[in-house]
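These are my notebook entries on a single protein chain. I set down what I looked up, entry by entry.

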Amino acid sequence: MSRYNSPTWYKDAVFYELYVRAFKDGNGDGHGDFKGLLSKLDYLQQLGVDCIWLLPVFPSPLVDDGYDVSDYRNIHEDYGTLEDFKAVVDAIHQRGMTVIIDIVVNHTSDQHPWFIESRSSKQSPLRDWYVWSETDQKYREARIIFLDTESSNWTYDPLTGEYYWHRFYSQQPDLNYDNPAVQQEMLDIIDFWLEMGVDGFRVDAVPYLFEREGTNCENLPETHAYVRRMRAHVEAKWPGRILLAEANQWPEDVRAYFGTEDAPEFHMAFHFPIMPRLYLALKQRTRKSIVDIMNRTPPIPSDAQWCVFLRNHDELTLEMVTEEERQYMWEHYAPEPRMRLNLGIRRRLAPLLDNDQRRIRLLNALLFTLPGSPILYYGDEIGMGDDIWRDDRNGVRTPMQWDYSKNAGFSDADELYEAVIDDEVFGYRHLNVIQQQADPNSLWYAIRHMLAVRRNYRAFGRGTFEFVLPENEAILGYWREVDGTEDVPGEHERFLVLANLTDEPQPGELDLSAFAGSEPIDVLTGTRWPAIGAEPYRFELAPYGYHWLRIR
């Protein structure tokens with residue numbers, strides 16, 4: 001396992017979420033593909049990311065952008081072949097990076113041969129690969145997730161006169177995990193892709209695998225039991241590979257998906273609830289929402305890790321906030337009804353923050369220092385925009401803006417899978433990679449610099465986390481501290497991260513007398529701060545200012 005510098009390599013990794021269709025077209029058909037991605041791997045290495053997460057790459061009718069899988073052992077024809085995929089995996093590894101792919105375990109497409117066979121007759125040998133019922137009255141306590149499009153979790157199938165169960169679109173029937181054959185098949189599919197060289201999976205829609213009457217059909221004990229089986233299978237056959245849980249739940253519910261030291265489940269899980277609260281904190285000009293959710297986040301096993309993010313390929317979900325907070329977020333970040341989708345907001349990072357470079361950089365500075373491994377969404381490193389007038393979430397999945405040329409350098413084709421952004425603020429003619437790489441003051445350089453600095457220290461990926469809060473609630477402060485371990489040796493590191501959540505200068509004062517005589521150094525700028533003494537340590541933060549202070 002030479003490419004893993006430690007068994008817990010994922011703790012130090014910065015992830016880059018990439019939509020193959022949107023990244024680079026290598027054959028001129030208007031769709032991004034693996035040949036195009038291959039040509040841009042040097043760019044990702046130069047940016048400083050460690051692990052590339054690919055959105056679904058399987059054959060699919062694309063009702064849900066690939067999350068409706070019709071064949072688990074192949075590549076979507078728009079993206080190329082299995083050989084093209086393998087070439088990209090090998091090239092990623094040659095650059096010292098890793099790659100994980102999305103695997104959709106909860107459901108398939110209704111075009112999958114399994115479902116076509118399952119619905120062909122009640123006597124079909126694959127009938128019980130899916131969840132069928134004579135009535136649509138079962139599991140009434142399960143919520144409907146795609147509120148804007150689905151009125152029920154059941155859909156009537158006229159072929160056999162029964163209803164099938166689906167937690168998402170009606171074109172995505174749920175697999176029946178009470179069937180041992182389904183459980184085994186998913187493990188075999190995992191083996192297939194690990195054999196191809198991937199370093200792990202982002203496991204989609206984990207909480208919904210099993211259904212039980214009288215429950216909300218989420219986070220059931222049976223689901224956890226299967227996840228433990230999946231983890232044990234991967235550990236036994238593929239040490240060093242990882243499983244990342246997509247479980248959009250409250251922190252205490254997600255905690256269960258890490259399992260225990262003796263019975264581990266996922267290596268990693270997204271921390272969904274922290275994300276909207278970063279935006280809340282900026283609008284409310286106070287750290288309160290961030291402090292509350294982090295204090296509510298339980299400890300996790302020693303080899304487990306959170307994944308933190310600012311935006312991704314979906315809407316900015318507001319499921320894990322209070323009704324009051326949701327209304328506040330909609331009012332301040334999505335005043336136009338078109339900006340809202342389901343229980344969220346369909347906008348990218350830069351438009352959410354009114355393209356204010358100070359706020360964009362501040363949130364990234366927090367992202368890279370909060371507990372967990374950070375995830376960058378493709379294009380956010382240059383501050384790409386969106387288009388709320390496109391269908392569903394397509395407005396945040398537009399082509400990557402490489403340069404000033406036709407179609408932003410994404411493709412030579414006359415027709416694209418989705419048009420490039422071409423407005424006056426975020427259009428490719430003035431916002432693209434080439435333009436930002438030519439400007440040392442650009443967002444791209446700021447992100448690249450933060451990643452380069454972060455790479456020098458273990459405290460941000462592995463360190464303990466503890467708030468250190470001045471009286472002034474506009475200032476967020478926390479310690480990140482780590483000792484060397486057998487797994488990852490190194491000297492003791494202690495950082496004080498400070499951030500001003502407002503557009504005005506903010507004074508602060510902390511008791512740092514335990515470190516009297518030390519001179520804090522801002523590792524982002526190399527600036528030395530005044531020496532710490534016995535008296536309270538006073539400082540002033542610039543508007544939206546942030547500092548990563550090393551204190552020896």
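Which residue in β6 does W154 stand opposite? I looked up the pair and found W165 in β6 opposite W154. I note at the outset that the model is predicted.

**Entry 1: the sheet around β6**

Strand β5 covers residues 154-157 and is joined to β6 by 4 bridges, with the two strands running antiparallel. I then looked up D157 and recorded E162 as its bridge partner in β6.

I turned next to the link between β5 and β6. The hairpin has 4 residues between its strands, and G161 takes a positive phi near 70° there.

I also looked up β4, which spans residues 132-133. Strand β4 runs antiparallel to β6 (residues 162-165), and 2 bridges join them. Within this pairing I found S133 opposite Y163.

Taken together, I have an open sheet of 3 strands in the order β4-β6-β5, with antiparallel pairing. I recorded β4 and β5 as the edge strands, since each pairs on one side only.

**Entry 2: the sheet around β13**

In what order do the strands β11, β12 and β13 lie in their open sheet? I read the order as β11-β13-β12, and the pairing is antiparallel. The edge strands are β11, at 316-317, and β12, at 340-341, each of which pairs on one side only.

Strand β13 takes in residues 344-345 and is joined to β11 by 2 bridges, the two running antiparallel. Across this pairing, T317 stands opposite G344.

**Entry 3: F85**

Is F85 buried or exposed? I found 0% relative accessibility, so F85 counts as buried. I placed F85 in helix α4, which spans residues 82-94.

I then listed the contacts of F85 beyond its neighbours within four places in sequence. They are F34, L54, V57, I75, I101, W193, M196 and V198.

**Entry 4: E493**

I next looked up E493, which lies in strand β17 (residues 493-500). Its relative accessible area is 5%, under the 20% limit, and E493 is therefore buried.

Which residues touch E493, once neighbours within four places in sequence are set aside? I recorded N456, Y457, R458, A459, R480, E481, V482 and R550.

**Entry 5: the chain as a whole**

The protein chain has 16 helices and 21 strands. Its C-alpha atoms fill a box of roughly 80 × 55 × 50 Å along the principal axes.

I compared the radius of gyration with the value for a compact globule. For 552 residues such a globule would have a radius near 24 Å, and the protein chain agrees because its own value is 24 Å.

How much of the protein chain is buried? I recorded 64% of the 552 residues as buried. For the accessible surface I noted about 20,500 Å², with 48% of it belonging to carbon and sulfur atoms.

I looked up contact range as well. Of the contacts between residues at least 6 apart in sequence, 70% join residues at least 24 apart.

Finally, I took the charged side chains. I recorded 56 positive and 90 negative side chains in the protein chain, and the centres of the two sets lie 3 Å apart.

Conventions: Residues are numbered from 1 along each chain as its sequence is written. Side-chain values use heavy atoms; hydrogens and water are left out. The radius of gyration is taken over C-alpha atoms; the globule rule is 2.2 Å times the number of residues to the power 0.38. Buried means under 20% relative accessible area, exposed over 50%, partly exposed in between (1.4 Å probe, protein chains only). Contact means heavy atoms within 4.5 Å. Accessible areas come from the Shrake-Rupley method with a 1.4 Å probe; for residues, only the protein chains shown count as cover. Lys and Arg count as positive and Asp and Glu as negative; His and the chain ends are not counted. The place of a charge is taken as NZ of Lys, CZ of Arg, CG of Asp or CD of Glu. Two strands pair if DSSP finds at least two bridges between them.
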